Amino acid sequence: MDGLRAYGLIAGMWIRSSMAYRVSFAMTVVGNLLLSGLDFVAILLMFSRVDSLGGYSLPEVALLYGLSVTSFGLTDLAVNSLGQLGQRVRDGTLDTLLVRPAPVLAQAAADRFALRRVARLTQGALVLGYALLAVDVDWTPAKVLLVPVMLVSGAAIFGAVFVAGAAFQILVQDAAEVQSAFTYGGTTLLQYPPTVFGTELVRGVTFVVPLAFVNWLPATYVLGRPYPLDLPAWVAFTPPLAAAACCAVAGLAWRAGLRSYRSTGS
Amino acid sequence: MGSVRLYAAVAVGGFRRYATYRAATAAGVFTNTVFGLILVYTYLALWDERPHLGGYDQAQAVTYVWLGQALLAALAIQGGGFESELMERIRTGEIAIDLYRPADLQLWWLANDLGRTLFQLLGRGVIPFVFGALVFPSALPRSPLTWLSFLVVVPLGAVVSFGIRYLVALSAFWLLDGKGMLQLLMITGVFCSGMTLPLNVFPGALGEVVRALPWSALLQLPADVLMGETDPLGAYVFAAAWAVVLLAAGRLLQSAATRRVVVQGG
């Protein structure tokens with residue numbers, strides 16, 4: 001609870017500071033919206049030349065895209081700063097966070113909170129809205145329920161990746177890009193149908209880094225399509241469990257990372 | 001002769017500065033490889049659906065992806081070279097000292113950026129490219145002459161990239177806050193260079209326009225030269241013409257900026 005309060009206070013401070021330059025804020029939101037939309041423009045351009053990709057139609061790909069980008073957008077808005085934690089380790093300013101009477105993770109996550117990142121979330125939600133209207137699905141109560149479950153669990157899974165990545169950056173300060181491969185790379189990967197990728201890669205993101213639980217596994221169930229790996233149907237309903245497991249592992253990694261922190265001493 | 005030595009020393013400095021961060025380079029190689037993998041599979045699915053899309057076969061599409069990952073950092077396709085540093089110097093007023101130096105501002109940064117380009121080409125570009133060529137089908141030329149013409153067109157692309165980013169950096173004389181321009185640089189760079197999708201796949205008039213813009217010299221042109229899809233001489237002329245135009249525009253903007261410069265923080 002302490003952590004949430006600290007997070008709220010710090011994030012609120014950064015929002016007030018960005019609101020001091022309203023025009024600049026509005027411009028960066030529009031810019032972020034365009035930047036975030038480029039991936040989807042690429043998909044639209046692809047579909048201007050083909051009717052299906054990996055056997056999936058445009059609304060179906062849009063559903064995967066919308067789920068991936070919306071859940072990632074939630075996480076990116078909330079904890080993006082964890083991606084640059086290495087910088088604070090390098091210049092020793094992590095010390096400042098350690099001596100404050102608030103949880104370090106909450107402080108690190110709220111650090112430089114940028115409201116402009118709401119753009120990615122908005123863009124993802126727009127595509128998701130289009131997909132839900134356009135996609136051809138026999139909606140059952142279970143399928144309807146799965147949509148919000150996917151978004152929340154997906155955001156939690158991405159959040160765990162951010163936290164684990166931040167812990168890794170305490171060890172290897174210049175590893176920010178490794179983290180990007182899993183966060184930005186992860187959300188890009190999940191925008192496309194699993195049928196597009198090699199089985200090895202699908203296996204990796206199902207069993208090793210369980211990103212497939214963000215949308216692939218539950219969404220293939222919603223769309224009534226087979227998953228490339230032979231898994232029982234009930235797996236589609238396990239994203240909350242996967243998310244809980246990821247968060248537990250990330251929490252352990254964070255503790256281990258923070259314990260191993262050695263200040264630059266400058 | 002003395003000035004050649006000076007700019008050579010600046011270029012060596014640029015090279016060595018980036019060579020210092022080995023962990024960051026390794027992390028970048030990892031990320032480029034992961035993104036390459038994701039893109040390769042989506043392109044394979046796309047070309048599976050429409051063989052010979054944009055005049056490429058599957059192997060060429062794959063080579064295009066890995067070339068893109070190899071050149072992304074080296075040619076600063078989405079930004080990320082000297083420009084944010086120069087903008088910061090303009091914002092803080094340190095630029096006044098630079099203007100007093102017995103060296104030309106534009107040539108100084110060009111030399112610095114070419115040094116960075118060479119390091120990132122070798123340090124970050126080669127490994128993902130070789131990985132891609134070994135693991136996936138590829139369309140690499142056998143003739144050493146084609147490789148040679150590729151090695152001519154890439155530096156031209158580097159100068160074009162510099163020309164664009166120099167203009168962006170100088171905008172800080174008027175705007176002071178560079179966030180919006182850097183974002184614009186990223187959007188245009190990613191979209192117009194063909195990082196998201198090869199420009200020859202873009203439909204109709206949109207394709208005609210993006211292929212005529214300078215960004216096509218960053219990826220599309222080197223790719224077409226490497227894979228023998230275009231006449232190297234025509235490619236040289238196109239890239240060199242844009243390089244000259246952009247450098248001249250940079251000169252003009254620089255003289256306009258320095259005539260009216262009011263040093264910040266004075």
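Predicted model: local features only at pLDDT ≥ 70, side-chain atom pairs only at ≥ 80, totals over all residues.
I then looked up the secondary structure of chain A, which comes to 12 helices and 0 strands. Read from the N terminus, I noted the order of elements as α-α-α-α-α-α-α-α-α-α-α-α.

Next I turned to overall dimensions. The C-alpha trace of chain A spans about 60 × 45 × 35 Å along its principal axes. I checked the radius of gyration: chain A has 19 Å, which agrees with the value near 18 Å for a compact globule, because that is what 266 residues would give. I also recorded that buried residues make up 48% of the 266 residues in chain A.

I moved to the contact between the chains, which takes 32 residues from chain B and 32 residues from chain A. The most comes from α2(B), with 15 residues. By class, I noted 22 nonpolar, 6 polar and 4 charged residues on that side of chain B.

Finally I examined α9(B). This helix has 14 residues and reaches 20 Å from its first C-alpha to its last, close to the 20 Å expected at 1.5 Å a residue. I found M181(B), L182(B), L185(B), G189(B), V190(B), F191(B) and C192(B) buried. What covers these buried residues of α9(B) includes α2 (22-49) of chain A, together with α4 (83-92), α7 (144-170), α8 (172-175) and α10 (204-212) of chain B. Just after α9(B), I noted a positive phi of about 95° at G194(B).

Technical notes:
Residues numbered from 1 in each chain as written. Chains lettered and ligands numbered in written order. Contact = placed C-beta atoms within 7 Å. Helix = DSSP H or I, 4+ residues; strand = E, 2+ residues; numbered from the N terminus. Nonpolar A, V, L, I, M, F, W, Y, C, P; charged D, E, K, R; others polar. Expected span 1.5 Å × (residues − 1). Buried ≥ 20, exposed ≤ 12 C-beta atoms within 10 Å, placed from the backbone. Rg over C-alpha atoms; globule rule 2.2 N^0.38 Å.
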